[in-house]
Amino acid sequence: MQSVQEPWSHVEAFLSRPLLAIGRSEVSLLKIITILIALALIVMAARYLKRLLVQRLLVEKVHDEGARFALGTITQYLVVIFGALIVLQSAGINLSSLTVLSGTIGIGIGFGLQNIANNFFSGIIILLERPVKVGDRIQVGDVNGDVVRIAIRSTTILTNDNINIIIPNSEFVSNQVINWSHNDRNLRVSVPVGVSYSSDPEEVRSILLQVATDHPDILASPAADVIFSGFGGSSLDFVLRVWTSTRIQTPKILQSEINFRIFEAFGRNGIEIPFPQTDIHLRSASVPLFSEQPGT
């Protein structure tokens, strides 16, 4: 029995041997392992708490998915920060002795980690102000897609091509962002149409509104409307404006479907869609196109 205890006592003595001192606190390998295990458990518990808040506890009280996600993310970071402070204090490490170290880290952030710090604080602003939230349809530069995840450093956008694009959070604070669903999920789609001058504008308006009414993805409220936009070179120009909440990810496909239905409806009702025309009027051939100049 004593032969088994002797190696263990040597291992314990090795793990308990002080490696460095922070202020008046001595840090051993055993203490470092204990702190790392405790921090890992805190991070795991914070992630579980976030999922619990987003998927269960806040579902009935907070109906907005983006708001639940923001509250869950903020709660996760608070649990990790305060948990880390408690673990360090419980391990006997005086945090006031880390002033010099924190000052050094601050200088490093100021010179070499500016982008990371910028994205970090931009992520805090996004979670608090919520200019974009999970589930929103947004456009940042040439990127157009749905927000699927907001982290403290970056935001993930899923495009219609099923591609995840990770964008630094600073882009949402410093650049222009188009949020198609900031207030609600309703999106207006405009469909331009041209008909011949022989067509009755009121009949064209009635047909276009009927096409909008018959489409299952077009909302009855707000109601569709038709704008008589002007007199073109070869056509009377109209714009059918409709609203949708289910096709916000695919407005171009919705516009294509409406165009198919308009073409079919015009064919049934004898409404002509004219070809572009350019009329050239020439004077009679008996009149010279270019008058002769004296001396030529």
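**Second largest pocket**

I started with the second largest pocket of this predicted model, and I got about 210 Å³ of space for it. I listed its lining next and found eleven residues. Lys50, Arg51, Val54, Gln55 and Phe69 are the ones nearest the centre of this pocket.

Which helices supply at least two residues each to the lining here? I looked that up and noted helix H2 (29-57) and helix H3 (65-90). H2 gives the largest share of this lining, with five residues.

**Largest pocket**

I then went to the largest pocket, whose volume comes out at about 250 Å³. I have 13 lining residues down for it. Nearest the centre I wrote Asn144, Trp180, Leu187, Pro251 and Lys252.

For the elements behind this lining, I noted strand S8 (187-195) and helix H8 (251-269), each with at least two residues. S8 accounts for the largest share, four residues.

My class tally for the lining of the largest pocket reads five nonpolar, five polar and three charged.

**Placing the largest pocket**

Where does the largest pocket lie relative to domain 2 and domain 3? I checked which domains its lining residues come from: domain 2 (129-179) and domain 3 (187-269) both contribute, so the largest pocket lies between them.

Definitions and conventions. Residues are numbered from 1 along each chain as its sequence is written. This is a predicted model: local features need pLDDT of at least 70, side-chain atom pairs count only at pLDDT 80 or more; totals for chains, interfaces and linings use all residues. Side-chain values use heavy atoms; hydrogens and water are left out. On a 1 Å grid over the protein atoms alone, a cavity is a set of points where a 1.4 Å probe fits but cannot get out, and a pocket is an open set with protein on both sides within 12 Å along at least five of seven lines; lining residues have an atom within 4 Å of a point. Grid points are joined across faces, edges and corners, and a volume is the space filled by probe spheres set on the points. Ala, Val, Leu, Ile, Met, Phe, Trp, Tyr, Cys and Pro count as nonpolar, Asp, Glu, Lys and Arg as charged, and the others, Gly among them, as polar. Domain bounds come from an automatic or database domain assignment.
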